[in-house]
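Colleague: Could you walk me through how to read pockets and salt bridges in a model like this one?

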Amino acid sequence: MKRTKIETILIFGILILYYALSQIFFVKMGSIYSIIINPLFWILLCVSLKLYIKKTYAIAKLKKEIVDYTLIAVLGYIIVYLISGLFVSFGKNPNSTTLKGLIINFWVTGTVILTREYVRYLIINNTYEKQKKKVGIALIIIMTLLEVKTLNITDMNVYYAFKQIASAFLPVLSKNILFTYLAYCKNYVAAVCYDLLIYLVLWLSPILPKMTWFMIAIIDIATPIILLLYIRYIKRKKDELSLFNASVKTEEIDKIETIKKIINQKLKGQASLK
């Protein structure tokens, strides 16, 4: 247990150090940071943890169901996002929709999503059960900080502060709460599907709705939270059903054993009479 704690603390130390360096030095590098440093950091960390943590984890409960629920949530997100354009307006996609642009976007963002979620999965499942809640909270905080862009605090007023929190911080926080819970459920595939599929729509669609930041914030905050609550509800019902079935089986076994004892006693009584 002590070794696992040291390993977790060391990994968190690496992530915190990387966050500090990214805020102080790397962000000033512009495209060098986003195209080279950030993807390579997550790839190296992912490979290193995979080679070092040579554990095999049990098959996740509701693995297929969780992925299915996530795909439905993503589909709902995309439909609401695109339909909203009918109430505002559509504009040209600011992202490059060419093959070259797609490859660059996938390298810069897609690679980070794949490796980051696997790192999250490895960290939380390399932790003892009673420590997972604390590790999960720490992961949510650190991963949120790593993903949130640096805020410009010069000439900040109340409206700007509210806008930054609502549009930049809370959506990332709600998403990381969901992804950490999915990792706790031993499922990183659903997290990758959620993030990557939404980005693919943003990368490939020739036109996108001209939504206000407030509308985008509501969708980005609500969707992960609703999905999280639903998965927790289904998981709880599944656990309750498993406990009920186990208790019924135990009662049936006890009844069978009791009947066996009664039969054995009768057979012994008949044998003694003979």
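Modeller: Let's take the overall layout, then the pockets, then the salt bridges.

Modeller: This is a predicted model, where local features need pLDDT of at least 70 and side-chain atom pairs count only at pLDDT 80 or more, while totals for chains, interfaces and linings use all residues. Residues are numbered from 1 along each chain as its sequence is written, and side-chain values use heavy atoms, with hydrogens and water left out.

Colleague: How many helices and strands does the protein have?

Modeller: Helices (H or I, at least four residues) and strands (E, at least two) are DSSP runs, numbered from the N terminus. Here you get 8 helices and 2 strands, in the order α-α-α-β-α-α-α-α-β-α from the N terminus on. Take contact as heavy atoms within 4.5 Å: among contacts between residues at least 6 apart in sequence, 85% join residues at least 24 apart.

Colleague: And what share of the residues is buried?

Modeller: Buried means under 20% relative accessible area, exposed over 50%, and partly exposed in between (1.4 Å probe, protein chains only). Of the 274 residues in the protein, 36% are buried.

Colleague: On to pockets. How much space lies in the largest pocket?

Modeller: The general idea: rolling a probe the size of a water molecule over the atoms shows where empty space is left. On a 1 Å grid over the protein atoms alone, a cavity is a set of points where a 1.4 Å probe fits but cannot get out; a pocket is an open set with protein on both sides within 12 Å along at least five of seven lines, and lining residues have an atom within 4 Å of a point. Grid points are joined across faces, edges and corners, and a volume is the space filled by probe spheres set on the points. In this case, the largest pocket holds about 1,800 Å³. It has 50 lining residues, and Glu-147, Lys-149, Val-172, Lys-175 and Tyr-199 are the closest to its centre. Helix H4 (residues 99-125) gives the most to that lining, 7 residues.

Colleague: Which residues are the closest to the centre of the second largest pocket?

Modeller: That pocket has a volume of about 420 Å³. Of its 16 lining residues, Lys-133, Tyr-181, Tyr-184, Leu-228 and Arg-232 are the closest to the centre. Helices H5 (132-147), H6 (158-184) and H8 (213-273) are the elements that each give two or more residues to it. Its lining has 7 nonpolar, 2 polar and 7 charged residues.

Colleague: How many salt bridges are found in the whole structure?

Modeller: Look for a side-chain nitrogen of Lys or Arg within 4 Å of a carboxyl oxygen of Asp or Glu. The search finds 8. One of them pairs Arg-116 with Glu-147, with the closest N and O atoms 3.8 Å apart. Arg-116 sits in helix H4 and Glu-147 in helix H5, so this pair ties together parts 31 residues apart in sequence. Arg-116 is buried, at 6% relative accessible area, while Glu-147 is partly exposed, at 23%.

Colleague: Is the Glu-117 and Arg-120 pair buried or exposed?

Modeller: Both residues are buried. Their closest N and O atoms are 2.8 Å apart, and they are 3 residues apart in helix H4, about one helical turn. Both also belong to a salt-bridge network with Arg-116, Glu-147, Lys-175 and Asp-195.

Methods: Ala, Val, Leu, Ile, Met, Phe, Trp, Tyr, Cys and Pro count as nonpolar, Asp, Glu, Lys and Arg as charged, and the others, Gly among them, as polar.
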